[in-house]
Protein chains: 2
Amino acid sequence: MQFSKTEQQALRDVAEEMAEAARAVTLRYFRTDMAVDNKEADGFDPVTAADREAEQAMRAVLAKRRPDDAIFGEEFGKTAGTSGLTWVLDPIDGTRAFISGAPSWGVLIGLDAGQGPVLGIVDQPYIGERFIGGFGKADWARNDVRKEINVRACSGLENAILMTTFPEIGTRAERDAFMAVSDTCKLTRYGLDCYAYALLAMGQIDLVIEAGLNAYDVQGPIGVVQGAGGVVTNWQGKPAHNGGQIIAAGDARIHAQALKVLNQDHL
Amino acid sequence: MQFSKTEQQALRDVAEEMAEAARAVTLRYFRTDMAVDNKEADGFDPVTAADREAEQAMRAVLAKRRPDDAIFGEEFGKTAGTSGLTWVLDPIDGTRAFISGAPSWGVLIGLDAGQGPVLGIVDQPYIGERFIGGFGKADWARNDVRKEINVRACSGLENAILMTTFPEIGTRAERDAFMAVSDTCKLTRYGLDCYAYALLAMGQIDLVIEAGLNAYDVQGPIGVVQGAGGVVTNWQGKPAHNGGQIIAAGDARIHAQALKVLNQDHL
């Protein structure tokens, strides 16, 4: 699917309007006492009122501005459309961080044109930072400041800073594969949820490796990282926009090196 | 040592002036390219120009405002004093977060009156949040907003949110003891450095457990947490202001429960 410059800007504007709407809702709930539901019977997957209201706020923007587009949201599922475009929404990525008061959660918005996101947003309302990438470029914005961001070069894993959210990663095999990469990196940091992809897009870190993700966890980040010049695939080097195992790299060279390590025998 | 209300306020003002000075320096360096030295030959303990300049900026405030107090800073060591008070400074706690662009690092200031901090600050310059605690109270401040903060009640570990910075904690035995507590908690989160103590002081989380710390890593956080009504000791329930193994809790009940688990046989 091709987009004119005018169409690209219109889509960016809608995405930012959605992020703004979700920001207002989430900030009203962040660090306040609130009812925390339990999605899973045996597990801990909190869903808050903020989650639901923020998705509703984004859907309201789409109903008005892009009624023909499809929607896939974490909270309210799929809504069909006719344009061939799907907005993929995670109103609060990192609900565990959210309920802990830690500002590493984010509002994620991806615009899937059929083969993955052409546009993505990672918004961190409390810090007040927005990362928006797509159509070959990416921006960072805070208050009235806005500037272009780009990934940084990193030629070898031994110089790379790696991030992931959960030290357990996923299955035992996934953890072993991750640790094999981690062992070759300069530094590994944990716990930043979607904010890690934003740091990658701004050239502050070099790798993000995660597993067990859903489409709505990754489409926003993929849009931002690709817009900033980075590479995102699954652990087999295939498209990652449907979720699962993800590896995002600022430099294609360490993407290739890390893929190789992930797929070695880890004995 | 006793302090009048006037003396308490004067000390708070000096501490905030120091935090302000360090904030200006650290923000000038955060997320810019900078020379990163290597303190340890075989390890990764980056010291940046920001670290050194920020401590110098805080020392300059003390030279002018509190010339008789002693100083113990991470970067420039000990300076003797005659007042019986020692300012314990970590210009950038969480240098690994700092060089990764993650806003979980902080400027730490503790005022030790001989038996640990009577006043402490955790300042996060990029988010723009300051946590200051001492003399029986604690405040949070951001931009022009300032409000009192307090720890929250939590009667049992099964309802507690636990944080620590590094999943490896310290030695194998320390990690096993930590994991025994983690297994009983509702949720464990990693990676937030000193910011975890600030979240505890504001009643967002319930426990922070770490090991291998230095006096300058803990005196600021202890002042904040105690000021907000929390409890901080080492893993033996003894004073923690000289560093080592630390457990900070918002509620004395889970502090006692967690100590018990830490000191079980972990087989």
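Me: Leaving aside its neighbours within four places in sequence, which residues is G243(B) in contact with?
Reply: This is a predicted model, to begin with. In it, G243(B) is in contact with L213(B), N214(B), A215(B) and V218(B).

Me: Where does G243(B) sit?
Reply: In strand 15 of chain B, which covers residues 243–249.

Me: Buried or exposed?
Reply: G243(B) is buried: its relative accessible area is 15%, and buried means under 20%.

Me: What separates the C-alpha atoms of G243(B) and L207(B)?
Reply: A distance of 17 Å. Along the chain, the two are 36 residues apart.

Me: A215(B) and V218(B) came up as contacts. Which of the buried residues of helix 6 of chain B can you name?
Reply: A215(B) and V218(B) are both among them.

Me: How many of the 13 residues in helix 6 of chain B is that?
Reply: 12 of them are buried, and the helix is mostly covered.

Me: What does helix 6 of chain B reach from its first C-alpha to its last?
Reply: 18 Å, over residues 215–227. That is close to the 18 Å expected at 1.5 Å a residue.

Me: What follows helix 6 of chain B?
Reply: G229(B) follows, with a positive phi near 100°.

Me: Now helix 4 of chain B. How does its span agree with what 13 residues should give?
Reply: At 1.5 Å a residue, they should span 18 Å. The end C-alpha atoms are 19 Å apart, which agrees. This helix runs over residues 172–184.

Me: Which residues of helix 4 of chain B are buried?
Reply: E174(B), A177(B), F178(B), A180(B), V181(B) and S182(B).

Me: Why would residues three or four places apart point the same way?
Reply: An α-helix has 3.6 residues a turn, so residues with that spacing point the same way.

Me: What do the buried residues of helix 4 of chain B pack against?
Reply: Several strands and a helix of chain B.

Me: Switching to chain A. How many helices and strands does it have?
Reply: Seven helices and 15 strands. Its radius of gyration is 18 Å, close to the 18 Å that the globule rule gives for 267 residues, so chain A is as compact as a globular protein of that length.

Me: How much of chain A is buried?
Reply: Buried residues make up 62% of its 267 residues.

Me: What about its charges?
Reply: Chain A has 26 positive and 36 negative side chains. The centres of the two sets lie 5 Å apart.

Me: Which residues in chain A have a positive phi although they are not glycine?
Reply: R31(A) is one of them, at about 65°. N143(A) is another, at about 50°. Most residues other than glycine have a negative phi.

Me: Where is R31(A), in which loop?
Reply: Between helix 1 (5–29) and strand 1 (36–38) of chain A.

Me: And N143(A)?
Reply: In the loop between strand 9 (137–142) and strand 10 (145–148) of chain A.

Me: Does each count as buried or exposed?
Reply: R31(A) counts as buried, at 15% relative accessibility. N143(A) counts as exposed, at 70%.

Note on methods:
Residues are numbered from 1 along each chain as its sequence is written. Chains are lettered from A and ligands numbered from 1 in the order in which they are written. This is a predicted model: local features need pLDDT of at least 70, side-chain atom pairs count only at pLDDT 80 or more; totals for chains, interfaces and linings use all residues. Side-chain values use heavy atoms; hydrogens and water are left out. Helices (H or I, at least four residues) and strands (E, at least two) are DSSP runs, numbered from the N terminus. The radius of gyration is taken over C-alpha atoms; the globule rule is 2.2 Å times the number of residues to the power 0.38. Buried means under 20% relative accessible area, exposed over 50%, partly exposed in between (1.4 Å probe, protein chains only). Lys and Arg count as positive and Asp and Glu as negative; His and the chain ends are not counted. The place of a charge is taken as NZ of Lys, CZ of Arg, CG of Asp or CD of Glu. The expected span of a helix is 1.5 Å times one less than its number of residues. Contact means heavy atoms within 4.5 Å.
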